[in-house]
Number of protein chains: 2
Amino acid sequence: MIGRLNHVAIAVRDIAKASETYRATLGAEVSDAVPQHAHGVTTVFITLPNTKIELLEPLGADSPIEKFLQKNPDGGIHHICYEVDDIIAARDALKGKGARILGDGEPKIGAHGKPVLFLHPKDFNGTLVELEQA
Amino acid sequence: MIGRLNHVAIAVRDIAKASETYRATLGAEVSDAVPQHAHGVTTVFITLPNTKIELLEPLGADSPIEKFLQKNPDGGIHHICYEVDDIIAARDALKGKGARILGDGEPKIGAHGKPVLFLHPKDFNGTLVELEQA
């Protein structure tokens, strides 16, 4: 069912500083920061030859990553995103196997403009898993 | 400097159960478990089209992931590994920029038989970063 690793998302308190670490210290290709008001985060994409790293900084009062950063003040890996061909078929298959879908279980349009879902970390080795329709 | 994302490593308490989640629930290609006594972990590799997920289970009394699992009893993402062409050149460049190398700063032979180093999470957004010579 799962295909490519679309991205690894790293939550950070200061996305300008984190971007500079990836650009200047690690020598990676780093995008500009883009505020994503609908998602409560500012994003930066780091393009690697085979996948992406997504830096996330909280945006606004109800950012979905605020609680994570309170627990992890240095930042940390927030989630991993796997691609699927058909997100509804994937969701239904996962539900049939007892996996829990976060929220209301309906795909939302994610930061890349594609339908996404999040799976319950307790069902996946303590790892928050995002599925994105490729 | 950094190249491909070689793998994302997920620490788990029960690698048989975690393997089954990836195989049966997520439909991925999952290797057999391999005890790596020199590294204090048992490993399973999940092959995705563009990279790998590495499951790690503690092996022996002094496993390097035991403390992480005590803090994260459900498991969680332990580190990410980026490839570099020349690990000594990468190390020296990173040290020159003030980044801290863990341990004695000398590359060790990692679970894939290639030289690896780990970088201090506090210098990289709370993320433990492994560098592997490609």
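**Close-up views of the chain A and chain B interface**

**View 1. The contact surface between chain B and chain A.** In chain B, 38 residues are in contact with 38 residues of chain A (contact: heavy atoms within 4.5 Å). This is a predicted model: local features need pLDDT of at least 70, side-chain atom pairs count only at pLDDT 80 or more, and totals for chains, interfaces and linings use all residues. Residues are numbered from 1 along each chain as its sequence is written, chains are lettered from A in the order in which they are written, and side-chain values use heavy atoms, with hydrogens and water left out.

**View 2. Area buried between chain B and chain A.** The two chains bury about 3,200 Å² between them (accessible area, 1.4 Å probe, lost on being put together and summed over both). Carbon and sulfur atoms carry 63% of it. In chain B, B:Leu26, B:Asn50 and B:Asn125 lose the most area to chain A. Together they make up 21% of what that side buries.

**View 3. Salt bridge of A:Asp74 with B:Lys122.** The closest N and O atoms of this pair are 2.9 Å apart. The count between chain B and chain A is 2 salt bridges (side-chain nitrogen of Lys or Arg within 4 Å of a carboxyl oxygen of Asp or Glu).

**View 4. B:Asn50 and the rotation axis.** Chain B can be laid on chain A by a turn of 180° and a shift of 0.0 Å along the axis, with an RMSD of 0.0 Å (least squares on C-alpha atoms of residues with pLDDT of at least 70 in both). The two copies are thus related as by a two-fold rotation axis. Of the residues of chain B, B:Asn50 comes closest to that axis, at 2.9 Å (C-alpha). The same surface serves both copies: 100% of the contact residues of chain B recur in chain A.
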